[in-house]
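Q: I'm new to this one, could you walk me through it?
A: Gladly, let's start with the overall layout.

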Amino acid sequence: MVKNKWKTAFFTLIIIILIVVIAIIGTFIGLVGSPSTSPNVKNDAPHVDSPIFMVQASKRHLSDMVNNELQKHQSGTLTYNVDFDKDVTLYGYLGLLGLDIPFNMSFSPVVKNGDIILKEKSVHLGRISLPEEEVLKFIKKGTELPDWVIIQPDKKQIYVNLTKMKLKDRFYLKAKKINLSENDIEFNVYQK
């Protein structure tokens, strides 16, 4: 019974990370509207290589937005927040056997070819440091994820293939820059 609770706790943590990524991307979806057509406006096909617009965010605004979205998904046994500081850190408390056990997972975001790679730096449950590769193997075996989220335990990372994620079947995102130390976060939106 205890083993199943730990398994559930790990699955919950990875789902939280995915919710964070999806919340960030979902915000950008809301900014994309349907193009208006007018008889006086020439509606040329966009250049495939050119973004239709760019979205910029600060760490503080991104943290506030993501945490507001995460508050909707909290449960009585799990409370958590995300912090964009030097790294992307998911932290909170897991209620287990009547105790509130603190946890945190730290990731370093890297942009590669418009996609985001979350390089796992550390995983702690209470004061126990867990082996990153083993946690990712465990999550990969027991979790069904969208095909655009690829867990790579041997590389200790989660690969978020943004261009494969559908945005209203007409748009896709490419990460341009995620430089947390400089508070510089940019995404480009493209039309298919």
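Q: How many helices and strands are there in the protein chain?
A: The protein chain has 3 helices and 10 strands, where helices (H or I, at least four residues) and strands (E, at least two) are DSSP runs, numbered from the N terminus. This is a predicted model, in which local features need pLDDT of at least 70, side-chain atom pairs count only at pLDDT 80 or more, and totals for chains, interfaces and linings use all residues. Residues are numbered from 1 along each chain as its sequence is written, and side-chain values use heavy atoms, with hydrogens and water left out.

Q: What pattern does the chain follow along the sequence?
A: Read in that direction, the pattern is α-β-α-β-β-β-β-β-α-β-β-β-β.

Q: Ok, and which strands make up the open sheet?
A: The open sheet has 3 strands in the order β1-β10-β9, with antiparallel pairing, and two strands pair if DSSP finds at least two bridges between them. Its edge strands are β1 (53–57) and β9 (171–179), each pairing on one side only.

Q: How many bridges join β9 to β10?
A: There are 8 bridges between β9 and β10 (residues 184–191), and these strands run antiparallel. Within that pairing, Lys177 has Glu186 in β10 as its bridge partner.

Q: Switching topic, what share of the residues count as buried?
A: Of the 192 residues in the protein chain, 43% count as buried, meaning under 20% relative accessible area (1.4 Å probe, protein chains only).

Terms used
Buried means under 20% relative accessible area, exposed over 50%, partly exposed in between (1.4 Å probe, protein chains only).
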